[in-house]
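Colleague: I would like a close look at a single part of this model, and then an account of how the rest is arranged around that topic. Please keep it plain.

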Amino acid sequence: MKLWVKLALTTVLVLLAATLSTGAAMLYQTLLYNQEKTMESGHQQLASTAYALARELENGPLTGYSEATKNSYVNYTMKKFGASKYILIEDGEVLCNMTPFDLADSRDERWQQQEGSAVIQKSGEQYILIEGQKVPTSGGSSYALVLVQDISALYQDMKRQMVFGLWILADAAAIAMLLIFLMTRRILKPLRELQKAAMDISEGMLTRRARVRTKDEIGVVADAFNRMADKIESQVTELSQVSEQRRQMLGSLTHELKTPMTSIIGYSDTLLHVNVRKEQQQRALWHIKEECSRLERLSSKLMNLMGLYENDSVSMEEISMEELFAHVAQMEKYHLEQMGMRLDYRCSMGKIRMDRDLMESLLINLIDNGAKASKAGDEIFLEGQGNRITVRDKGCGIPEDEIGRVTEAFYMVDKARSRKAGGCGLGLALCVMIARLHGAELEIHSKVGEGTKVCVVFPEIREESIS
Amino acid sequence: MKTRILVVEDDSSISELICMNLEAAGYEPLPFMDGLAAEQFLKQKDQDGKEAAGGEIPALALVDVMLPGKDGFELMEDFQKAQIPVIYLTAKDDVLSKVHGLKAGAEDYIVKPFEVLELLVRMEKVLKRTGRSRKLIQIRDVTIDLTEHSVTRGGERVALKPLEYELLVTLASSRNVAFSREELLNRIWGVDYVGETRTVDVHIGQLRKKLGFHQVIRTISKTGYRLED
């Protein structure tokens with residue numbers, strides 16, 4: 001059942017119950033009141049008529065006349081007191097009846113009392129008020145006067161009012177239903193919009209929002225709905241970005257695998273089938289070995305990269321930066337010396353929560369990158385200050401428009417040079433990932449010909465971690 | 001004079017591999033490591049006229065698609081201006097790249113990794129199709145005239161049966177590269193030929209005898225035959 005029908009039904013029912021009960025009560029009260037009034041005025045009339053009649057009868061020269069004279073006198077007197085609504089009873093016998101009714105029992109005790117009494121009788125469609133009292137004569141015959149009045153009008157009045165009331169009720173109900181219908185439609189309009197929006201979103205229109213501007217409860221629901229849609233949209237976008245990144249990485253990976261594979265297959269094919277000179281055979285073998293070790297490096301880097309996706313393998317502990325720098329410098333010393341370079345390190349950082357192996361790997365990657373960009377005799381700087389670690393070189397630098405891309409997996413600014421130096425384009429991607437695991441960001445500043453500066457910026461260090 | 005082949009490949013290892021094999025097969029490779037260098041070479045050729053810039057115009061270009069400087073697809077225009085047919089040699093093996101490459105005007109599209117023999121055979125096909133194949137092949141004292149379909153040894157004409165001639169040309173145009181007996185059967189006798197690989201041995205024997213090539217056409221164990229100069 002639709003909401004507006006429910007509301008309308010309830011309202012009409014309540015309306016009906018309320019109007020009927022109050023209406024009926026009021027009508028009944030009015031009827032009673034009117035009856036009483038009529039009865040009272042009848043009573044007064046009766047009383048005064050009876051009194052006057054008593055005077056008349058006492059003083060009147062009734063005794064000694066014939067029945068006929070007496071009758072006409074009484075009739076005359078009655079007429080004088082007006083109304084064709086009185087019945088005069090003398091000693092239990094109807095003396096004079098000017099009404100169109102017949103009295104059922106003229107000896108009824110009720111009419112013989114001084115105070116008089118009243119009764120309403122229904123006769124056919126008519127309601128008749130019968131009131132009677134003793135005519136206060138002193139001595140002689142006892143007279144009783146009975147007033148008979150048709151009061152059907154009162155009842156008809158009530159009926160008319162009832163019908164009228166019902167008509168008003170019906171009209172009110174109709175108007176109420178119409179109003180409720182319009183109102184619910186108006187109230188529910190935003191709900192329909194909400195429903196449409198939900199359908200659209202479920203069909204993939206992620207940018208769709210519910211256009212509800214009402215300030216009521218539905219507006220609140222719509223707001224919540226829109227917030228949910230925002231969240232879903234951002235999460236879906238994020239997810240698709242991640243999967244796009246993965247896809248690109250896989251694409252790059254297969255390409256990256258193809259190059260060494262081509263060499264290895266090609267050279268071994270050459271050695272097997274082609275008659276080449278002795279020294280060329282040596283070159284071919286050397287290339288095969290070289291490409292195999294490139295593959296090996298690639299696979300171990302990839303292992304690192306994949307390993308980092310599982311956060312379980314990360315063990316965070318408080319580690320002194322100075323110690324870490326010294327260790328890294330120690331590890332890089334031989335490697336750099338061979339290339340005729342030097343590492344200059346300085347540290348004024350305290351302890352930081354980190355995974356030692358990962359952070360070492362990050363620093364070594366950055367230093368190696370610096371070394372690859374530098375030439376013999378150059379220096380590489382490793383500095384730790386505040387919440388940032390900086391690795392700086394005076395090497396060839398990165399072209400400005402490529403800085404944004406160097407952290408992509410497999411991206412190499414100078415492929416030939418990078419390959420020669422044993423790179424596979426994964427170092428910085430790895431660094432970014434390690435930095436993220438530590439809540440840090442990688443900042444890269446570079447100028448062609450002047451060198452590159454890579455900063456690992458940690459979130460503001462809490463007081464207690466600074467020793 | 002040897003046929004010149006442009007090799008545009010940015011990976012030094014693969015470049016060397018191709019050059020090594022082209023040299024062995026009797027071509028003269030001309031390696032370029034990036035797109036810009038190749039472009040410069042072609043422009044220079046254009047300006048200086050065909051003969052001036054040292055040596056013959058390259059008959060064919062083997063071009064990688066992903067190149068630093070200017071990629072293989074972009075280079076196509078330069079090659080077309082210089083009227084050098086192009087074979088793309090690339091790791092990109094998606095259909096779209098292939099269609100793109102061939103539509104742009106490449107003669108062939110070879111996906112890495114490739115086999116040496118496949119590369120040489122495809123090159124030969126392209127050279128033949130574009131009318132750039134060698135007219136003469138010289139091996140020691142034997143000259144094969146590909147237009148006349150004749151073979152002379154020390155100036156004297158040697159009578160060869162058609163299949164023997166085909167076999168000689170096949171081996172000689174990819175010299176120093178070993179062919180298996182099956183490959184030779186397929187290429188010369190045709191795929192439908194139902195015969196034994198012995199047939200190949202018999203014809204090789206005939207060639208060796210008629211041309212004195214006992215040391216030139218060598219039997220490679222477990223593989224097949226190879227013509228070495």
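Which residue stands opposite B:Ile220 in strand 12 of chain B?

Modeller: The residue opposite B:Ile220 is B:Gly224 in strand 12 of chain B. Please keep in mind that this is a predicted model.

The sheet comes next. Strand 12 of chain B covers residues 224-227, and four bridges join strand 11 of chain B to strand 12 of chain B. These two strands run antiparallel. They belong to an open sheet of three strands in chain B, ordered 10-12-11, with antiparallel pairing. Strand 10 (179-180) and strand 11 (217-220) of chain B are at the edges and have a single partner strand each, so one side of each has no neighbour in the sheet. In general, strands of a sheet pair through backbone hydrogen bonds, in a parallel or an antiparallel manner.

Elsewhere in chain B, helix 3 spans residues 72-81, and its buried residues are B:Gly72, B:Leu75, B:Asp78 and B:Phe79. Viewed down the axis of helix 3 of chain B, the buried residues lie within an arc of 100°, so they line one face of the helix. Just after helix 3 of chain B comes B:Gln83, with a positive phi of about 55°.

Chain B also touches chain A: 24 residues of chain B are in contact with 22 residues of chain A. On the chain A side, the elements that give two or more residues are helix 4 (217-273), helix 5 (278-307) and helix 8 (415-420) of chain A. Helix 4 of chain A gives the most, with twelve residues. By class, this side of chain A has six nonpolar, ten polar and six charged residues.

As for chain A itself, there are nine helices and twelve strands. Of the 467 residues in chain A, 25% are buried. Among contacts in chain A between residues at least 6 apart in sequence, 61% join residues at least 24 apart.

One helix pair in chain A can be described in detail. Helix 7 (residues 356-373) and helix 9 (residues 427-437) of chain A pack at an angle of about 145°, and their axes are 9 Å apart. Helix 7 of chain A passes helix 9 of chain A in a left-handed crossing. Residues making this contact include A:Leu358, A:Leu362 and A:Leu366 of helix 7 of chain A, and A:Leu430, A:Cys431 and A:Ile434 of helix 9 of chain A. By class, the contact of helix 7 with helix 9 of chain A has ten nonpolar, four polar and one charged residues.

Key: Residues are numbered from 1 along each chain as its sequence is written. Chains are lettered from A and ligands numbered from 1 in the order in which they are written. This is a predicted model: local features need pLDDT of at least 70, side-chain atom pairs count only at pLDDT 80 or more; totals for chains, interfaces and linings use all residues. A residue is buried if 20 or more other C-beta atoms lie within 10 Å of its own, exposed if 12 or fewer, and partly exposed in between; C-beta atoms are placed from the backbone. The arc is that of the directions from the helix axis to the C-beta atoms. Two residues are in contact if their C-beta atoms, placed from the backbone, lie within 7 Å. Ala, Val, Leu, Ile, Met, Phe, Trp, Tyr, Cys and Pro count as nonpolar, Asp, Glu, Lys and Arg as charged, and the others, Gly among them, as polar. Two strands pair if DSSP finds at least two bridges between them. Axes are lines fitted to C-alpha atoms, for helices over the stretch in contact, and angles run from 0 to 180 degrees between N-to-C directions. A crossing is left-handed if the near helix is turned anticlockwise from the far one by less than a right angle, and right-handed if clockwise.
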